[in-house]
Amino acid sequence: MAKQKSQDELMAEFFRMLMADAQQAQKQSAPHEVYTMDSFPRYRDTDRVLKYTVRVALRGIKPPIWRKVTVPSNISLRLFGDLILELMGWMGEHLNQFRKGDSYYAPAYQREGEMPPLFGRIENYNQEDFTLGDILCEKGDTMVWEYDFGDSWEHDVRLSSVDEYADGEPREIVFIGGKRACPPEDCGGIWGYEELLKLHERRIARKRISADDRERLEWYGMDRDFDPEWLSLEECREIVEAFNS
């Protein structure tokens with residue numbers, strides 16, 4: 001007579017089956033090309049390249065912190081994600097991903113060794129295998145770019161316009177504009193940054209704050225000279241120039 005399995009053994013077997021199914025589904029959907037942190041396609045060959053105007057805005061804060069650019073529609077999601085990171089002012093010390101519905105797009109090097117999703121409800125892909133035009137197709141289309149899964153800085157990415165390139169017009173990135181400074185890294189997300197801004201306002205107004213709060217502001221680089229409204233448009237243009245070189 002066969003030995004009856006315990007509840008723990010049955011649960012372990014159940015989860016092994018789930019993980020096996022999820023791994024198989026991931027193998028079927030995930031691209032098989034190999035990329036590294038520094039080696040990936042900047043643009044992908046497509047039959048038609050359009051001029052996209054895209055606005056990226058940090059979600060949940062007012063006045064908005066935003067950047068706007070024009071880019072070729074065949075720019076790889078990986079390069080576009082790197083562009084957002086640098087134009088917004090993030091340091092690149094944390095993970096990032098695009099999200100569109102139940103599909104998630106992360107840099108290939110970031111996905112190494114990741115756990116596959118359970119029940120197949122989430123589809124994970126490499127950013128390098130897709131262009132911006134694969135995901136955003138029509139004016140008004142949106143997706144989310146998330147940076148730092150702890151602080152969860154979510155950026156709304158919106159396709160503002162779709163145009164044809166004029167004859168002889170360079171198919172390159174162009175910085176259009178932006179507003180406000182990037183929050184400091186690791187400050188606790190939107191809620192944490194807003195709390196720091198209140199402390200900073202009190203300090204500028206020469207109202208009393210504790211020694212711990214002063215030290216906290218200094219730690220995050222928010223000294224008396226910090227201006228949350230300041231953005232160097234020249235630095236943004238230099239970033240874009242480097243991406244085009």
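Helices here are DSSP runs of H or I with at least four residues, strands are E runs of at least two, and both are numbered from the N terminus. Helix axes are lines fitted to C-alpha atoms over the stretch in contact, and angles between N-to-C directions run from 0 to 180 degrees. This is a predicted model, so local features need pLDDT of at least 70 and side-chain atom pairs count only at pLDDT 80 or more, while totals for chains, interfaces and linings use all residues. Residues are numbered from 1 along each chain as its sequence is written, and side-chain values use heavy atoms, with hydrogens and water left out.

Start with helix α4 (residues 189-204) and helix α5 (residues 211-219), whose axes lie 10 Å apart at an angle of about 110°. The two are therefore roughly perpendicular (angles of 65 to 115 degrees get that label; under 35 is roughly parallel, over 145 roughly antiparallel, and the rest oblique). Their crossing is left-handed, meaning that the near helix is turned anticlockwise from the far one by less than a right angle, whereas clockwise would be right-handed. In contact terms (heavy atoms within 4.5 Å), E195, L196, L199, H200 and R203 of α4 meet D213, R214, R216, L217 and E218 of α5. Sorted by class, these contact residues of α4 and α5 come out as three nonpolar, one polar and six charged. For the classes, Ala, Val, Leu, Ile, Met, Phe, Trp, Tyr, Cys and Pro are nonpolar, Asp, Glu, Lys and Arg are charged, and the others, Gly among them, are polar.

Next come α2 (77-88) and helix α6 (residues 233-244), with axes that come within 10 Å and cross at roughly 155°. That makes α2 roughly antiparallel to α6, and their crossing is right-handed. On the α2 side, L79, D82, L83, E86 and L87 touch C236, I239, V240 and F243 of α6.

Grid points are joined across faces, edges and corners, and a volume is the space filled by probe spheres set on the points. There is one cavity of 30 Å³ or more, and the largest cavity holds about 50 Å³. Its lining consists of V56, R67, K68, V69, L83, I84, L87 and M88, with the largest share, four residues, coming from α2. That lining has six nonpolar, no polar and two charged residues.

Most residues other than glycine have a negative phi, and most peptide bonds are trans. The K62 to P63 bond, however, is cis, with omega near -10°, and P63 sits in the loop between β1 (51-58) and β2. D186, in the loop between β8 (174-179) and α4, has a positive phi, near 60°.

Terms used:
On a 1 Å grid over the protein atoms alone, a cavity is a set of points where a 1.4 Å probe fits but cannot get out, and a pocket is an open set with protein on both sides within 12 Å along at least five of seven lines; lining residues have an atom within 4 Å of a point.
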